[in-house]
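Visitor: Could you take me closely through the surroundings of the ligand, with the cut-offs spelled out as you go?

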Amino acid sequence: MADLGCSAGPNTLLVVSKVMDIIGTKSQKLNRPPPSLQAFLNDLPGNDFNTIFKSLPSFYKKLENVKGSSFGHCFITAVPGSFYGRLFPNNSLHFVHSSYALMWLSEAPKQLVSKEAMNKGNICIAKTSPPPVFNAYLEQFERDFKMFLKAEELVPGGRMVLTTMGSIKSDDPLCIWEVVGLNLNDMVWEGLIEAEKLDTFNLPYYAPTTEEVKKAIEIEGSFTLLKLEVFKMDWDLT
Ligand SMILES: C[S@@+](CC[C@H](N)C(=O)[O-])C[C@H]1O[C@@H](n2cnc3c(N)ncnc32)[C@H](O)[C@@H]1O
């Protein structure tokens, strides 16, 4: 399996642990010896993979203590690189997981700054962004997601479970970055940031609607969508 955009923190090994649980329980039910799991943890090269590596001995120990010999071996490897490029050989993965990473695009749409700055005063799609900004971001999302879905790395019948930030309506985004943009505008007024710097800075961030996700999967054609769930999250989780 691969976890794309694994980061380095308390969530990093959660999915591997969960997958080990599921495989172990299923093997016991089927009265079969548990298979080994090879898990690839992927993130951008700047990710703190050393911290992950240092946590592996205690993770393996915990697996052994809690799950015992009825569970198979687990081998964890790190794969640095962008999930918008090729990371694995063809037909080498059975399961791909990605959580809260796909809203990060491979880059901010180039046309936002190619002539005049198009998204002045904002750092991503915001209510005051002109329509071409919405189109530019949607097109970038479509290009990136298409590349992501190509997934020649998966074996036939392989599956993906993806969680990403989404929007209810594409023309009415409710995005925490819009608020950050407003604060940066205040800083421009206060003379702390140059207006031009704010006008030409755009985050590579896009939260698609369910329709946009469905359409992209259908058009790309490698996958059949089995389940699409939407859940709301509060900004303030305290
Ligand atoms: C919000 S964290 C999510 C961490 C973890 N998956 C979770 O659910 O808690 C997003 C992670 O995705 C990574 N990421 C963003 N774009 C990526 C890309 N193109 N390729 C690989 N990782 C990427 C970031 O570096 C970051 O560590």
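This is a predicted model: local features need pLDDT of at least 70, side-chain atom pairs count only at pLDDT 80 or more; totals for chains, interfaces and linings use all residues.

Guide: A polar contact here is a pair of N or O atoms within 3.5 Å. Residues are numbered from 1 along each chain as its sequence is written, and side-chain values use heavy atoms, with hydrogens and water left out. The mean pLDDT of the chain is 92, and 95% of its residues reach 70 or more.

Around the ligand there are 15 residues, of which the closest are Gly5, Asn11, Asp43, Phe83 and Ser99; a residue is included if one of its heavy atoms lies within 4 Å. By class, this shell divides into seven nonpolar, seven polar and one charged, where Asp, Glu, Lys and Arg count as charged, Ala, Val, Leu, Ile, Met, Phe, Trp, Tyr, Cys and Pro as nonpolar, and the others, Gly among them, as polar.

The side chain of Ser82 places an N or O atom 3.0 Å from a nitrogen atom of the ligand. Taken alone, the ligand exposes 610 Å², and the protein buries 78% of that, with accessible areas taken from the Shrake-Rupley method with a 1.4 Å probe.

How values were computed. pLDDT is the predictor's confidence in each residue, from 0 to 100. A polar contact is a pair of N or O atoms within 3.5 Å; within protein, one must be able to donate a hydrogen and the other to accept it, and residues adjacent in sequence count only if both atoms are side-chain atoms.
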